[in-house]
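Student: Could you walk me through how to read this model? I would like the general idea each time, then the case at hand.

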Amino acid sequence: MGSKGHELSRRAFLKTTGAAGIAAVVPLLRPISARTWPGNQRSGLRPEPPAVLENGFPMATEPLRGLAAKKGLLIGTAFSSDAFKKDPVYGEVMAREFNCLVAENEMKLDVLQRVRGQFDFGPAEVMMAFAGRHGMKVRAVPLVWHDALPEWARDKTFPRSEALDILREHIFTVMRHFRGRVFAWDVLNEGLSDTGPGLREEGPWYRSIGPEYVERAYHWAHEADPQAALFYNDYAMDGMSEKADRCYRWVQELLGRGVPIHGVGLQYHVRMDKHPQPSEVTQNIRRFNDLGLIVHITELDVWLPKNAARAEFQQQADIYRGVFEAALAAPKCQAVVLWGFTDRYSWVPGISNGTYDHALIFDRDYRPKPAYEAISSVLGNTAPADCGARVREGVPL
Ligand code: G3I
């Protein structure tokens, strides 16, 4: 029996035989737990979600979303509508493990307004419907970004008033469309310069309007949906980095000028050999919390070399463990969102020209990796956090 035949008969078998059948197949299912994760070689088996059988007879661990909810934490993943449409197991594992979704690309300007003035919410609504069916929260990204621009905006400099009109119409139209279904928005993504003082000067918005585009965007966003938590999101500021220091001073100034920013998003794209210490991350989150800001970890992935050895997968697990420990130790880190969850669908091999890979917590066959186990143990084992505080922050879980 090829893998397909084997697979079907096993499921059919489980469906028909129930408990008795389960006892018979337990040995078959055990290999799925991370403890016995067979490393990186392809199994040849059709991807199979870890063994939480329909009748709720748990064979492995309680899914992450259940454990995270008990800690008052949102655990999320980027959602790819392309993967969702072509791969049924993708949705199955996502619905079981996560209580929060972010559109990987479906809410960006190049998708929402591929044609200027014509809003296409179709791809994003695939995710919204899925989230609705599975009781998942949705944080939305990004309203304003210098990248992922449609042809009509790429490399353009508009007359200032026209650029202001474009931004205003986009923010009001998009936020009004999703109002009540999105609890947090990254209003601006990656607006700070990577090196020098001040803002990134790339992109049509800074070029056409100047630095003022930032405050305008946040005030419009707050007007469009006063209930939504408005975030600033960026990378390379997960720990106490120079960029994190600049971001800290900048949002402090914006808050001082009454700009409605409610939170900061730390993207957390790191490599096994280049990542902040958990203590630094907690310290960084704590100082933003002290400004009255919520913090989300928004695009977590931990890159490994393509030919990573088994020990490196364990090091990766330790890094994931550190992130969740830091999040739980901080006063107001409400959400940890991964930039995908299975190595089958990840931006990492492409952007690194194949040098890096294996950045997520399930392998290409949806088998939980040591990283999954590490997160599960942090969420399952630490003393219950003060859930009350988190719930009181207006995002009932
Ligand atoms: O959907 C089109 C498809 O129709 C077309 O055939 C194909 C070839 O051109 O392109 C497809 O669009 C691609 C899209 O991903 C969906 O796969 C875009 O070209 C490609 O640029 C886009 O890359 C995304 C990138 O942001 C730029 O928007 C990555 O998937 C996504 O992971 C990445 O995510 C960013 C966050 O938004 C911000 N922080 C960093 C993070 C990683 O770069």
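Student: What share of the contacts in the protein chain with a separation of 6 or more comes from residues 24 or more positions apart?

Tutor: Contact means heavy atoms within 4.5 Å. Here, residues 24 or more positions apart account for 79% of the contacts in the protein chain with a separation of 6 or more. Remember that this is a predicted model: local features need pLDDT of at least 70, side-chain atom pairs count only at pLDDT 80 or more, and totals for chains, interfaces and linings use all residues. Numbering starts from 1 along each chain as its sequence is written, and side-chain values use heavy atoms, with hydrogens and water left out.

Student: How many helices and strands are in the protein chain?

Tutor: Both are DSSP runs, numbered from the N terminus: helices are H or I with at least four residues, strands E with at least two. The protein chain has 15 helices and 11 strands.

Student: What percentage of the residues is buried?

Tutor: Buried means under 20% relative accessible area, exposed over 50%, partly exposed in between, with a 1.4 Å probe and protein chains only. Of the 397 residues in the protein chain, 56% are buried. The accessible surface, by the Shrake-Rupley method with a 1.4 Å probe and, for residues, only the protein chains shown as cover, comes to about 16300 Å². Carbon and sulfur atoms hold 54% of that surface.

Student: Which residues have the most contacts inside the largest nonpolar core?

Tutor: In soluble globular proteins, nonpolar side chains tend to be buried together. A nonpolar core is a set of buried Ala, Val, Leu, Ile, Met, Phe, Trp, Tyr and Cys residues joined through side-chain atoms within 4.5 Å. The largest one has 111 residues, and M107, W185, L300, F324, I361 and L379 have the most contacts inside it. Helix α7 (residues 160–178) gives the largest share of this core, nine residues. A second, separate core has 13 residues, among them C100, F183, A229 and I294.

Student: Which residues does L300 touch, leaving aside its neighbours within four places in sequence?

Tutor: With those neighbours set aside, its contacts include Q267, Y268, F324 and W339.

Student: Why is α4 described as largely enclosed by the rest of the structure?

Tutor: Count its buried residues. Eight of the 10 residues of α4 are buried, so the helix is largely enclosed by the rest of the structure. E97 belongs to this helix, which spans residues 88–97. E97 is buried, at 1% relative accessible area. Beyond its neighbours within four places in sequence, E97 contacts P63, L64, R65, I75, F362 and Y372. D87 caps the N-terminal end of α4, with a side-chain oxygen 3.0 Å from the backbone nitrogen of V89.

Student: Is H219 buried or partly exposed?

Tutor: H219 is partly exposed, at 37% relative accessibility. H219 sits in helix α9 (residues 213–224). Its C-alpha atom is 6.4 Å from that of P260, 41 residues apart along the chain.

Student: How far is a polar side-chain atom of E104 from an oxygen atom of the ligand?

Tutor: That distance is 2.5 Å. An N or O atom in the side chain of E299 is 2.7 Å from a nitrogen atom of the ligand. For the side chain of W339, an N or O atom is 2.9 Å from a ligand oxygen atom. Taken alone, the ligand exposes 790 Å², and the protein buries 48% of that.

Definitions and conventions
Polar contact = N/O pair within 3.5 Å; in protein donor to acceptor, adjacent residues only side chain to side chain.
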